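The following questions and answers concern one protein structure. Please consult the sequence and the model while reading.

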Amino acid sequence: MNAVIMVLAGDGTGPEVTDQAVEVLEMVAELYGHRFMIRTGLVGMDAIEAYGTAISEDTLAGCAQADAILFGAVGGVAQVGDGPRPEQALFRLRTSFELFANLRPVRPFGALVDASPLKPEYLKGTDLLFVRELSAGLYYGHLETVPGKPSEIRRRGDRIEAIDTLLYTEDEIERVVRSAFELAGARRRHVTSVDKANVLSSSVLWRRVVERVGREHPEVSWEHLLVDTCAMRLIRNPAEFDVIVTENLFGDILTDEASMLAGSIGMLPSASLGSRRTPGGVFGLYEPVHGSAPDIARQDRANPIGAILSAAMLLRHSLGLASEAAAVEAAVEAVLADGFRTEDIAYDGGTAVGTAELGLRVREQLAITDQQNQ
Ligand code: NAD
Ligand code: IPM
Ligand code: MN
């Protein structure tokens with residue numbers, strides 16, 4: 001098949017891990033006879049330097065013409081103050097394309113159970129999927145006082161105050177909850193909806209919507225769970241979860257916590273999906289869950305697996321290439337089983353390999369499997 005993929009590598013370790021993911025996609029194209037046109041654009045700090053904004057209108061227009069976006073990471077060491085921030089690139093992309101459902105699967109690889117700080121017996125059977133709401137909530141609240149301004153620090157009388165608004169419409173909740181139930185229908189058919197309904201009005205509305213959508217899906221069992229309890233149960237018994245659907249900020253925090261089940265934040269991929277169709281599936285943005293990791297940037301130390309598994313999700317969800325996606329995932333699994341690890345998952349004292357070598361091993365494995373299948 002022919003497809004256009006927009007690559008936005010971004011800051012810090014973003015380019016290093018994205019390079020490996022792109023090379024895996026190129027290998028898939030070669031082995032399976034596809035044509036992927038790779039286009040690139042600036043996001044984050046380079047875009048701010050070049051255009052004064054974290055993502056330019058031209059780059060957004062380029063994304064609109066693609067079947068999918070492969071994203072690295074944005075962000076510097078510390079940015080405070082009023083100027084443009086690299087992270088705004090993500091918000092522009094998520095809102096422009098209404099990418100409301102952020103899928104973050106957590107399935108620890110057998111070869112890595114000892115890389116997790118949890119005891120192996122706690123991890124057994126863990127295979128969960130976060131569906132994080134991504135286009136509303138605290139990240140984009142609308143102040144009644146200053147329309148269109150999501151948050152501000154202001155002076156009121158003789159004191160300084162700051163305000164962020166957590167606003168959800170019923171429709172914004174419903175579309176992501178529906179996605180979660182549909183995804184659960186194709187998995188183990190259980191949804192855990194996570195909120196803070198003992199405190200927040202937005203969570204009370206969230207619960208009402210879940211109950212209504214839940215009634216429409218009698219084949220799927222579901223439960224409400226408070227977010228603080230969820231944080232605890234993710235460590236106590238992660239295997240009890242199938243699909244977890246939750247508000248934007250809760251999902252951001254819980255998925256970093258859950259990354260430790262997989263051994264490292266560098267292991268987790270994600271897909272941010274909306275409702276726009278592509279010839280092979282649905283338009284989406286694919287990125288590892290981790291950030292720009294400035295502390296290890298440009299040292300060939302970052303784990304590229306989250307990025308490579310994000311490319312696999314791209315193949316599956318936007319291009320409809322499920323067996324190619326599965327081949328990439330199997331290649332990652334085989335390389336880990338062979339003992340290759342970046343330093344973040346090299347728990348057993350074995351020598352760690354660099355970002356580029358781990359990527360190379362995955363591509364070699366793809367080619368070997370392809371040969372064996374001839
Ligand atoms: P981070 O995820 O970048 O790093 C947290 C820790 O995990 C660091 O010690 C880092 O070295 C390690 N780490 C991250 N990715 C790794 C990988 N692939 N392999 C091995 N180790 C890895 O989070 P942070 O340090 O809190 O944030 C740094 C910057 O990244 C901030 O500006 C933040 O806003 C941004 N950020 C961007 C995204 C994104 O673009 N989607 C996501 C999260 C954070
Ligand atoms: C993520 C990141 C972003 C988020 C930041 C960089 C704005 O942490 O994608 O998980 O909070 O959504
Ligand atoms: Mn995050």
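Q: How many residues of domain 2 are in contact with domain 1?
A: The protein is divided into domain 1 (1–101 + 268–374) and domain 2 (117–262), bounds that come from an automatic or database domain assignment. Two residues are in contact if their C-beta atoms, placed from the backbone, lie within 7 Å. Ten residues of domain 1 meet this criterion, and their partners in domain 2 number 13.

This is a predicted model, in which local features need pLDDT of at least 70 and side-chain atom pairs count only at pLDDT 80 or more, while totals for chains, interfaces and linings use all residues. Residues are numbered from 1 along each chain as its sequence is written, and chains are lettered from A and ligands numbered from 1 in the order in which they are written.

Q: Which helix gives the largest share of the side of domain 1 that touches domain 2?
A: By class, this side of domain 1 has six nonpolar, two polar and two charged residues. Here Ala, Val, Leu, Ile, Met, Phe, Trp, Tyr, Cys and Pro count as nonpolar, Asp, Glu, Lys and Arg as charged, and the others, Gly among them, as polar. Helices (H or I, at least four residues) and strands (E, at least two) are DSSP runs, numbered from the N terminus. The largest share of the side, three residues, comes from helix 4 (residues 88–96).

Q: What distance separates the centres of domain 1 and domain 2?
A: The centres are taken over C-alpha atoms. For domain 1 and domain 2, the separation is 24 Å.

Q: Which residues does isoleucine 308 touch?
A: Residues up to four places away in sequence are not counted. Isoleucine 308 then touches Gln20, Ala21, Val24, Val328, Val332, Gly359 and Val362.

Q: What is the distance between the end C-alpha atoms of helix 1?
A: The expected span of a helix is 1.5 Å times one less than its number of residues. Helix 1 (residues 14–32) has 19 residues and should therefore span 27 Å. The end C-alpha atoms agree with this, being apart by 27 Å.

Q: Is aspartate 242 buried or exposed?
A: A residue is buried if 20 or more other C-beta atoms lie within 10 Å of its own, exposed if 12 or fewer, and partly exposed in between, with C-beta atoms placed from the backbone. Aspartate 242 lies in the loop between helix 8 (227–236) and strand 10 (243–246). Leaving aside neighbours within four places in sequence, aspartate 242 is in contact with Leu128, Ala184, Arg187, Arg188 and His190. Because 20 other C-beta atoms lie within 10 Å, aspartate 242 is buried.

Q: Against which strands and helix do the buried residues of helix 6 pack?
A: The buried residues of helix 6 (residues 170–185) are Glu172, Ile173, Val176, Val177, Ser179, Ala180, Phe181 and Ala184. They pack against strand 4 (101–106), strand 5 (128–133), strand 8 (190–195), helix 7 (201–215) and strand 10.

Q: Is arginine 298 buried or exposed?
A: Most residues other than glycine have a negative phi. Arginine 298, however, has a positive phi near 60°, and its place is in the loop between strand 12 (281–288) and helix 10. Because arginine 298 has 11 other C-beta atoms within 10 Å, the residue is exposed.

Q: Which residues come nearest to ligand 1?
A: A residue is near a molecule if its C-beta atom, placed from the backbone, lies within 6 Å of it. The shell around ligand 1 divides into nine nonpolar, ten polar and four charged residues. Of the 23 residues around ligand 1, those that come nearest are Gly75, Gly266, His290, Gly291 and Asn303.

Q: Which residues lie around ligand 2?
A: The shell around ligand 2 has two nonpolar, two polar and two charged residues. The residues are Gly75, Glu87, Leu90, Asp252, Val289 and Gly291.
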